[in-house]
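I opened a new notebook page for this chain. The plan is to look up how its parts pack and to write down what I find.

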Amino acid sequence: MVSLILPSQLSTKNSLVLLRRLCGTFIWHKKKSLRFSSYAWMAMLGKLKTADHLNLRGIEALPTCSFCSEGRDCHSHIFFSCDFSYIVITSLFPPLGAFLLRPNLMQTFQWFDDSVDYCCWEKNFCYFTICCTIYYLWHERNSRRFENVWKSPSQLFYIIRNAIIAKVKHWNRFDELKDRFSFLN
Ligand SMILES: [Zn+2]
């Protein structure tokens, strides 16, 4: 089991090496989507252009969350402290609703990694689903910010679900995944 770390705590070379190893396990996989993995990689490293980063560089950006208008537009809030994003991720994975505190990205990946309820290929599917969720949450955030187009959590849930099915229906164990994860049905 690997102890929980946050990107903001990564100040040493060893920590960066650890994060890159974990990201390799959780994000990069030959059967996954490069598009989803790329955004998940950026989010894990805290490199998406959130308002807190832009403001620090003197670039004007609305500092409040585009989902709830209460939290900050920063990585830890968007993934998954925000009510909106938490509803989306728990609608895909109801067991995540058992967290006492909202999990951050690394904690979400590690919860599945540490779980004894999922086998290896099921965990890979969970990692893929998290990456897909990151991509569509970020897309929805930008859509609200720059195009003033809003989707509800349930609309986003179905978009993510359909994108996942389009990809994993070609996986050998798709029928078994449908038995294991109800949102695929
Ligand atoms: Zn929010």
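This is a predicted model: local features need pLDDT of at least 70, side-chain atom pairs count only at pLDDT 80 or more; totals for chains, interfaces and linings use all residues.

**Entry 1: α7 against α8**

On the α7 side I listed F125, T129, C132, T133, Y136 and E140; on the α8 side they meet L156, I159, I160, A163, I164 and V168. Sorted by class, the residues of this contact come to nine nonpolar, two polar and one charged. I then looked up the geometry: the axes lie 10 Å apart, at an angle of about 135 degrees. Angles over 145 degrees would count as roughly antiparallel, so α7 and α8 are oblique to each other. Their crossing is right-handed.

**Entry 2: Y136**

I picked one residue of that contact to follow. Y136 sits in helix α7. Is Y136 buried or exposed? I counted 20 C-beta neighbours inside 10 Å, and the cut-off for buried is 20 or more, so Y136 counts as buried. Leaving out neighbours within four places in sequence, I found Y136 in contact with L156, I159 and I160.

**Entry 3: α5 against α8**

I turned to another partner of α8. The axes of α5 (residues 83-92) and α8 (residues 153-168) come within 9 Å, and they cross at roughly 45 degrees. That angle makes α5 oblique to α8. The crossing of α5 past α8 is right-handed. From α5 the contact takes F84, I87, V88, S91 and L92, and from α8 it takes P153, L156, F157 and I160.

**Entry 4: α2 against α7**

Next I looked at the other helix pair on my list. α2 and α7 have axes 8 Å apart and pack at an angle of about 80 degrees. The band for roughly perpendicular runs from 65 to 115 degrees, so α2 and α7 are roughly perpendicular to each other. R35, F36, S37, Y39, A40 and A43 of α2 make this contact with C131, C132, I134, Y135 and W138 of α7. The class count for α2 with α7 is nine nonpolar, one polar and one charged.

**Entry 5: the largest nonpolar core**

Which residues touch the most other members of the largest nonpolar core? I found A40, Y127, C131, C132, I134 and Y135, out of 39 residues in that core. The elements giving two or more residues to this core are α2 (34-44), α4 (75-81), α5, α6 (105-114), α7 (120-147) and α8. Of these, α7 gives the most, with 12 residues.

I took I134 as an example. Not counting residues up to four places away in sequence, I134 touches Y39, A40, A43 and F79.

Most residues other than glycine have a negative phi, and most peptide bonds are trans.

The peptide bond from F79 to F80 is cis, and its omega is near 5 degrees. F80 belongs to helix α4.

S69 is not a glycine, yet its phi is positive, at about 60 degrees. I placed S69 in the loop between α3 (51-56) and α4. S69 has 8 other C-beta atoms within 10 Å and is therefore exposed.

N148 is another residue other than glycine with a positive phi, near 55 degrees. N148 lies in the loop between α7 and α8. I found 7 C-beta neighbours inside 10 Å of N148, so N148 counts as exposed.

**Entry 6: the whole chain**

Last, I noted the totals. The protein chain has nine helices and zero strands. Buried residues make up 29% of its 185 residues. Of the contacts between residues at least 6 apart in sequence, 48% join residues at least 24 apart.

Technical notes. Residues are numbered from 1 along each chain as its sequence is written. Axes are lines fitted to C-alpha atoms, for helices over the stretch in contact, and angles run from 0 to 180 degrees between N-to-C directions. Helices (H or I, at least four residues) and strands (E, at least two) are DSSP runs, numbered from the N terminus. Angles under 35 degrees count as roughly parallel, over 145 as roughly antiparallel, 65 to 115 as roughly perpendicular and the rest as oblique. A crossing is left-handed if the near helix is turned anticlockwise from the far one by less than a right angle, and right-handed if clockwise. Two residues are in contact if their C-beta atoms, placed from the backbone, lie within 7 Å. A nonpolar core is a set of buried Ala, Val, Leu, Ile, Met, Phe, Trp, Tyr and Cys residues joined through C-beta atoms within 7 Å. A residue is buried if 20 or more other C-beta atoms lie within 10 Å of its own, exposed if 12 or fewer, and partly exposed in between; C-beta atoms are placed from the backbone. Ala, Val, Leu, Ile, Met, Phe, Trp, Tyr, Cys and Pro count as nonpolar, Asp, Glu, Lys and Arg as charged, and the others, Gly among them, as polar.
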